[in-house]
Amino acid sequence: MSTETQNLNQKAVIVGGGPAGFATALMLAKRGWSEITVLEKRPSADFYEPDKSFNYLIDGRGQKFTDLLGFTEKLSKIGVPNTEFYLTEIKADGTCKTSKLPVVDPNRKTAYWLPRRAFLRLLYQEIEENWQDSIRVLFNTKCVKIDPAVEENLGESKLTVLAEEINTENAVKLETDLLVGCDGINSVVRETLDRWDNSGTDQFKMQLFPSQSSGLKYKVLTLPPNFPLDNNKSERAVCTMAYAIRSASTDSQGGLSLGILPFADPDEPRTANIIRQPDNQIWKIQDGEQLSKFLETAFPQLPIPEIVSPEESERFAKSEGGFFPVPQYFSGLHWLVSAKNYSSGAVLLGDAVHCFPPDIGQGVNSALEDVCILNQALSQTNDIISDALRLYQSWRSPDLKPLIRLAQTAFPWQYNQDILRKRLWMINFLIRLLLSRVLPFIFSPPAFILIQNHQLSYREIWNKAEKTTKILYLLLGLILVGSLLTLSFGYIITLANK
């Protein structure tokens with residue numbers, strides 16, 4: 001069967017219209033698949049969700065996908081390049097310091113900062129402008145149930161997806177050859193596959209790994225564009241500038257920081273991330289007026305009444321916010337429906353497979369890389385689903401545990417949850433960085449820097465980091481042994497001279 005015929009005869013249903021879901025739809029459409037349906041619970045692609053108004057840094061790994069679809073240039077026009085990343089720190093007394101963060105790894109491509117909804121809007125515009133005949137997006141629609149169906153007499157297999165329109169509760173029934181789960185950490189697709197699995201391997205159960213940033217609570221405060229940065233209103237926020245606005249209190253309970261990442265669009269509302277331990281006093285405030293008073297005391301350098309409206313204070317106070325997840329992944333990336341001559345199946349990508357705190361900035365980039373690897377597997381197998389999904393799993397699985405280990409260790413202390421441990425981590429980081437520059441043939445740069453090199457797989461990055469760790473432990477051991485021998489020898493000489 002030719003690739004073209006195979007593509008035209010196959011249907012795909014994608015659960016989840018986030019970055020991974022839209023990217024998968026676009027990839028399949030580019031391959032020639034003509035019946036692609038995306039199910040998304042949100043009412044629109046760029047629907048504004050205050051507590052999900054994250055910023056993405058689309059790096060070289062994520063740009064493998066935008067290069068594949070040919071719209072990296074569009075990405076560059078709506079994002080702020082990391083080569084021009086300036087950070088202004090504003091202390092409680094109003095003093096400011098602006099610094100440009102260095103681009104450490106010369107091997108990496110220019111990465112771009114942009115809001116999550118701006119990236120989703122870019123993907124959806126690509127669907128509307130170029131792939132409307134192939135891709136149908138059903139907003140306000142959730143997946144309710146998945147059933148396997150095998151027509152033994154015909155030697156064919158299908159998956160039946162039962163969905164429901166959220167507002168009307170109208171039922172939607174879809175038959176598909178390929179089911180793609182891009183529906184996040186609480187994936188309905190993964191949970192269904194786990195119930196179906198009788199292999200005894202727990203391949204669809206998440207394996208959890210501890211992290212020092214897991215469990216931190218976050219909320220996002222929405223601020224107006226170009227908000228004033230001082231009480232005199234003489235300085236205003238610049239959209240392409242990042243800000244770290246420090247609170248008056250610095251203790252573990254009262255100490256806060258407003259983290260504001262850059263946007264390219266000057267008319268886009270700014271979003272300030274507040275990330276602290278779950279017992280921080282700001283999370284105990286449930287009233288908008290009380291919150292406003294708290295923020296005025298915490299950030300005396302800002303005209304809080306001018307930049308945080310009563311409505312936003314009330315929304316923030318009532319919001320449940322979110323928690324950084326425990327780093328987790330599972331080993332089973334696909335499931336096949338058995339049939340005589342052909343097999344349809346399900347595959348999982350993005351947060352449905354691997355999920356972790358945002359410490360290393362790889363959530364969206366690893367998901368987009370998943371899509372590219374699935375594309376390579378389809379190309380290698382002439383779009384035969386059963387072969388492609390097996391190949392995708394064999395190629396992607398070796399990277400998953402290294403990715404999670406990197407999420408655990410690369411930079412978990414950046415949220416100031418423990419100043420002493422952050423300083424110890426920085427010492428370790430600087431030692432590795434210095435040694436990698438002096439003896440690059442022996443020591444690798446810190447993992448946080450290696451991740452920036454999209455030419456390396458997560459497995460290769462973790463292996464390099466582990467090798468350096470082993471050498472450092474060996475050197476430390478040799479130093480300790482040498483010190484003990486020196487002390488012992490000195491003690492013997494002292495005794496001999498008496």
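**Close-up 1. Asn416, a partly exposed residue in a loop.** With a relative accessibility of 28%, Asn416 counts as partly exposed in this predicted model. Look for Asn416 in the loop that joins helix H11 (385–409) to helix H12 (419–438). What is the phi of Asn416? Phi here is positive, about 60 degrees, although Asn416 is not a glycine.

**Close-up 2. Asp202, another residue with a positive phi.** Asp202 belongs to the loop between helix H6 (188–196) and strand S13 (207–208). Its phi is near 55 degrees, and this positive value occurs in a residue other than glycine. Is Asp202 buried or partly exposed? Asp202 counts as partly exposed, because its relative accessibility is 47%.

**Close-up 3. Helices H10 and H11, packed side by side.** Two packed helices can be described by the angle between their axes and by the distance between those axes. For helix H10 (residues 363–380) and H11, the axes come within 8 Å and cross at roughly 150 degrees. H10 and H11 are therefore roughly antiparallel to each other, since angles over 145 degrees count that way. The crossing of H10 past H11 is right-handed. Which residues meet here? On the H10 side, they are Ser366, Glu369, Asp370, Ile373, Leu374, Gln376, Ala377, Leu378 and Gln380. Their partners in H11 are Ala388, Leu389, Leu391, Tyr392, Trp395, Arg396 and Leu403. Sorted by type, the residues of this H10 and H11 contact come out as 10 nonpolar, 3 polar and 3 charged.

Close-up 4. H2 passes H5 in a crossing that is left-handed. From H2, the contact uses Pro19, Phe22, Ala23 and Leu26. From H5, it uses Arg116, Phe119, Leu120, Leu123, Tyr124, Glu126 and Ile127. How many residues of the contact of H2 with H5 are nonpolar, polar and charged? There are 9 nonpolar, no polar and 2 charged residues.

**Close-up 5. Ala29, a buried residue of helix H2.** Stay with helix H2 and find Ala29 there. Ala29 is buried, because its relative accessible area is 4%, and the cut-off for buried is under 20%. Which residues does Ala29 touch, leaving out those up to four places away in sequence? They are Ile36, Trp131, Ser134 and Ile135. Asp133 is 104 residues from Ala29 along the chain, and the C-alpha atoms of these two residues are separated by 9.2 Å.

Close-up 6. A disulfide is a covalent bond between the sulfur atoms of two cysteines. How many disulfides does a search of the whole structure find? The search finds 0. Cys239 is in no disulfide, and the nearest cysteine sulfur, in Cys96, is 18 Å away. Cys239 counts as buried, because its relative accessibility is 12%.

Methods:
Residues numbered from 1 in each chain as written. Predicted model: local features only at pLDDT ≥ 70, side-chain atom pairs only at ≥ 80, totals over all residues. Heavy atoms only, no water. Left-handed = near helix turned anticlockwise from the far one by under 90°. Helix = DSSP H or I, 4+ residues; strand = E, 2+ residues; numbered from the N terminus. Contact = heavy atoms within 4.5 Å. Nonpolar A, V, L, I, M, F, W, Y, C, P; charged D, E, K, R; others polar. Disulfide = S-S within 2.5 Å. Buried < 20%, exposed > 50% of the residue type's maximum accessible area, 1.4 Å probe, protein only. Axes fitted to C-alpha atoms, helices over the stretch in contact; angles between N-to-C directions. Parallel < 35°, antiparallel > 145°, perpendicular 65-115°, else oblique.
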